Amino acid sequence: SETMAPMMLQFLQCKTFGNHKIPEGWIIVAAGNPPEFNKSVREFDVVTLDRIKLIPVEADFSVWKEYAYQESIHPAIISYLDVKNQNFCQIETTVDGKMFATPRGWEDLSRLIEVYEKIGKAVDRDVIFQYIQHPGISKDFANYLELYYKYENQYQVDEILKGVIKEELCEKLVRAPFDEKLSVIGLVLSKLGNLFKEAMEQENYTAALMEQLKLFQDGTNKSATSRLGDVVTALSMERHRKKAADLLSRREDYRMRRVLHKLQDYLQILKVDHLEDTSAAWDRLRSLFAKESRAYDEMIDQCGEALEHGFDFMEAAFGDSQEMVIFITNLNTNYYCIRFLQEYECQRYYQYNKKLLFEDREGELKKRIDAAFRG
């Protein structure tokens with residue numbers, strides 16, 4: 001804006017911001033919206049442009065989709081935008097004012113849908129319009145969301161991932177329109193992704209707990225309960241410090257609280273059992289920790305079984321078709337699926353993935369050959 005321009009120029013020319021000098025070797029990175037999206041800003045003048053590298057950034061659904069999986073954006077939104085990615089980011093100026101749908105709006109809507117589902121409240125068009133302020137898109141998504149919940153009830157994806165695959169449902173899906181097929185595939189992927197996410201969180205939690213127990217083992221020559229008490233106090237102080245500095249995400253804070261609660265449980269067990277000898281206490285703590293480790297192993301097994309059942313369903317309904325390609329492609333996009341498949345060996349995933357890679361290369365080679373002949 002006009003008021004910021006002189007300070008911006010000083011920042012770029014002198015590498016100072018008020019009385020504060022930027023340390024040597026630092027690179028300044030800034031982001032902002034262009035004038036068409038923000039009335040209070042203007043185009044950069046030549047003096048400023050001559051001192052910066054300007055990189056235009058455009059909304060890209062294929063890129064955002066990876067982020068969406070990692071941040072657990074509601075699967076109805078992902079599958080809807082898969083079909084209608086032209087509605088991912090739209091900004092229009094009409095006689096009635098601006099109409100828009102933005103990535104931020106979709107993410108905020110996702111959080112609201114999650115809350116509404118927990119309290120059993122319906123998400124209608126008026127609620128959607130509060131976040132997707134484009135009448136046509138909000139109406140279209142409201143209709144889609146209604147169908148999405150219908151498919152979720154009809155196809156019983158939870159049962160599918162437990163190995164209950166009904167022939168009549170597979171036949172129904174084969175005859176269904178493409179957007180219905182895509183929605184069901186999205187439901188399967190979403191349920192799998194949530195399972196993988198929980199397993200990954202258990203892995204991270206187990207690793208964080210083990211790290212704290214190692215601090216107990218490496219502690220000073222105190223009684224076992226004093227050692228573990230010191231570990232609990234230090235971790236609690238670290239959490240409060242990071243919270244105050246805004247260095248903890250919600251997920252990290254939840255994990256840290258889980259570890260604290262478990263360590264407090266362990267401390268109480270040592271006190272009740274009067275285990276002050278560090279060697280005996282360490283043996284007890286290892287046996288307690290083994291339960292957490294087994295819980296993680298069980299989750300990995302459950303996730304593996306669910307993935308195999310997912311493949312059973314896809315093969316029963318679609319065989320080796322474009323729907324299977326969509327399924328594999330989305331597995332390759334989903335952050336939690338990728339992390340899980342690094343730990344779990346699924347032969348069918350590798351087989352289909354290898355075939356998909358081969359077909360992609362074959363298609364690219366054909367394009368090059370065609371281009372060469374045209375040249």
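Predicted model: local features only at pLDDT ≥ 70, side-chain atom pairs only at ≥ 80, totals over all residues.

In soluble globular proteins, nonpolar side chains tend to be buried together. Here the largest nonpolar core comprises 70 residues, and the members that touch the most others are Trp 106, Phe 141, Phe 311 and Phe 327. Helix 13, spanning residues 278-318, provides the largest share of this core, with 11 residues.

The open spaces come next. The largest pocket has a volume of about 2,100 Å³. Its lining consists of 48 residues, and those closest to the centre are Ala 30, Ala 31, Gly 32, Asn 33 and Pro 34. Helix 1 (5-14), helix 2 (46-49), strand 4 (97-101) and helix 5 (103-119) each contribute at least two lining residues, and the largest share, 7 residues, belongs to helix 1. By class, this lining has 31 nonpolar, 6 polar and 11 charged residues.

The second largest pocket holds about 1,300 Å³ of space. Among its 35 lining residues, Glu 71, Ser 72, Arg 111, Glu 114 and Lys 197 lie nearest the centre. Two or more residues of the lining come from each of helix 4 (75-83), helix 5, helix 7 (135-155), helix 10 (178-217) and helix 12 (250-272). Helix 10 supplies the largest share, 11 residues. This lining divides into 12 nonpolar, 8 polar and 15 charged residues.

Technical notes
Residues numbered from 1 in each chain as written. Heavy atoms only, no water. Core = buried A, V, L, I, M, F, W, Y, C linked by side-chain atoms within 4.5 Å. Buried < 20%, exposed > 50% of the residue type's maximum accessible area, 1.4 Å probe, protein only. Helix = DSSP H or I, 4+ residues; strand = E, 2+ residues; numbered from the N terminus. 1 Å grid on protein atoms, 1.4 Å probe; cavity = no way out; pocket = protein on both sides within 12 Å on 5 of 7 lines; lining within 4 Å. Points joined across faces, edges and corners; volume = space filled by probe spheres on them. Nonpolar A, V, L, I, M, F, W, Y, C, P; charged D, E, K, R; others polar.
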